[in-house]
Amino acid sequence: MSRGPIALSASPSAAWKAIARDPVQLPEFAEAGRYLGYRPHYALRGGAAALVQIRDPLPALGLFGRAYVYPSGEDAAFLGDVIDALARRGIPFVRIGNTMWGVRERGHLVLPGRRVTVIPRHTPVLDITGDERLLFARMEGARRKIRKAEREGVEVTEVRSLADVEAYHRLSVETADRIRTRSRFTELPLGFFLDIWRRMVPPGHARFFLARHRGQLIAGGLFLVHGDTMVYYHGASTRDRSHTLRQAPAACFWASIREAKALGLTRFDFGGCTPTDNVTDPRHGVWEFKKKWGARLVAFYNAEVLLAPRVVALQDRIVGPVWQGLHPLLWRFRRCPAGTRW
């Protein structure tokens with residue numbers, strides 16, 4: 001049962017990090033989201049908490065607003081009150097979770113009186129508590145990729161400088177352009193990666209790994225850390241045919257798994273996937289790669305809540321396609337000098 005209105009605070013409580021379940025809820029990550037146009041808000045009641053990211057460039061019009069809710073310790077009453085708070089702000093569309101994080105119990109998404117679409121999701125989670133040799137032996141195909149990368153002379157290091165972050169961003173732009181040819185995809189700007197590097201890497205909440213061959217960057221990945229888990233968040237790789245068979249992404253994952261073990265973590269989360277045998281599905285390649293590591297497939301749930309269905313239909317038909325074509329140009333022409341914010 002609901003226990004009254006939820007307040008959306010612009011700043012987290014002192015106990016927020018202890019309550020947050022996933023790294024996406026960390027205030028440092030939320031602040032980096034400002035480079036994507038999000039304003040972070042924090043909802044808290046008892047043991048339930050949610051980071052609420054709101055993007056609404058023209059709130060007076062009530063046409064462009066969207067909110068993304070990342071909950072932990074959730075229950076249906078708490079989530080219902082968060083949705084009510086967003087409805088009072090005139091937000092037409094709310095998504096609970098995304099392809100990497102969400103609600104663990106489907107029943108917590110029963111929101112009476114709301115138009116809700118529940119979306120089952122999956123992520124492979126690897127238990128990394130065992131001996132490294134046994135972990136390697138249990139991999140279902142990934143070890144061949146790792147050995148191939150070693151034979152090819154692929155070297156993996158962590159990001160150590162601004163130049164490394166800029167190099168990773170350039171490779172991510174190449175990757176984003178490739179993905180957008182077959183599906184919708186949001187490119188991440190340089191400022192986002194710089195903020196992650198400055199805010200989250202020093203306290204140990206994030207790690208960047210870069211794979212090079214004879215000095216040339218050919219793959220990389222951003223991994224987030226919170227609690228007992230390291231999770232894959234973002235990756236980039238070249239499609240230069242002279243490098244694609246070197247298995248550099250596998251080398252990055254293996255380096256990150258070994259680092260997670262060295263940190264004393266117990267779980268490695270591969271960051272969401274869509275299990276499918278349909279080779280024409282653009283998500284098939286990701287599933288084929290991630291299923292080879294011997295991880296256990298864990299289910300969770302997202303929800304899309306339509307608070308103003310007609311406005312959302314307008315967003316989907318017009319605003320969404322325009323944004324897909326426009327946002328990379330906006331972010332690439334903006335400058336983010338070292339040591340400054342936009």
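**Notes on the predicted model**

1. V311 counts as buried because its relative accessibility is 19%; buried denotes under 20% relative accessible area, exposed over 50%, and partly exposed in between, with a 1.4 Å probe and protein chains only.

2. Residues are numbered from 1 along each chain as its sequence is written, and side-chain values use heavy atoms, leaving out hydrogens and water.

3. Helix α5 (residues 142–151) buries A142, K145, I146 and A149. Seen down the axis of α5, these buried residues fall within an arc of 100° and so line one face of the helix; the arc is taken from the directions from the helix axis to the C-beta atoms. R144 and R151 are exposed on the face turned away from the buried side.

4. The cover over the buried residues of α5 includes α4 (132–137), β6 (154–158), α8 (248–262) and α9 (284–290). After α5 comes G153, with a positive phi near 80°.

5. Eleven strands form an open sheet of mixed pairing, ordered β1-β2-β3-β4-β11-β5-β10-β9-β8-β7-β6; pairing requires at least two DSSP bridges between two strands. β1 (39–45) and β6 stand at the edges with a single partner strand each, so one side of each lacks a neighbour in the sheet.

6. β7 (residues 206–213) and β8 (residues 216–226) pair in the antiparallel sense over eight bridges, and A206 stands opposite L224 in β8.

Definitions and conventions
Predicted model: local features only at pLDDT ≥ 70, side-chain atom pairs only at ≥ 80, totals over all residues. Helix = DSSP H or I, 4+ residues; strand = E, 2+ residues; numbered from the N terminus. Contact = heavy atoms within 4.5 Å.
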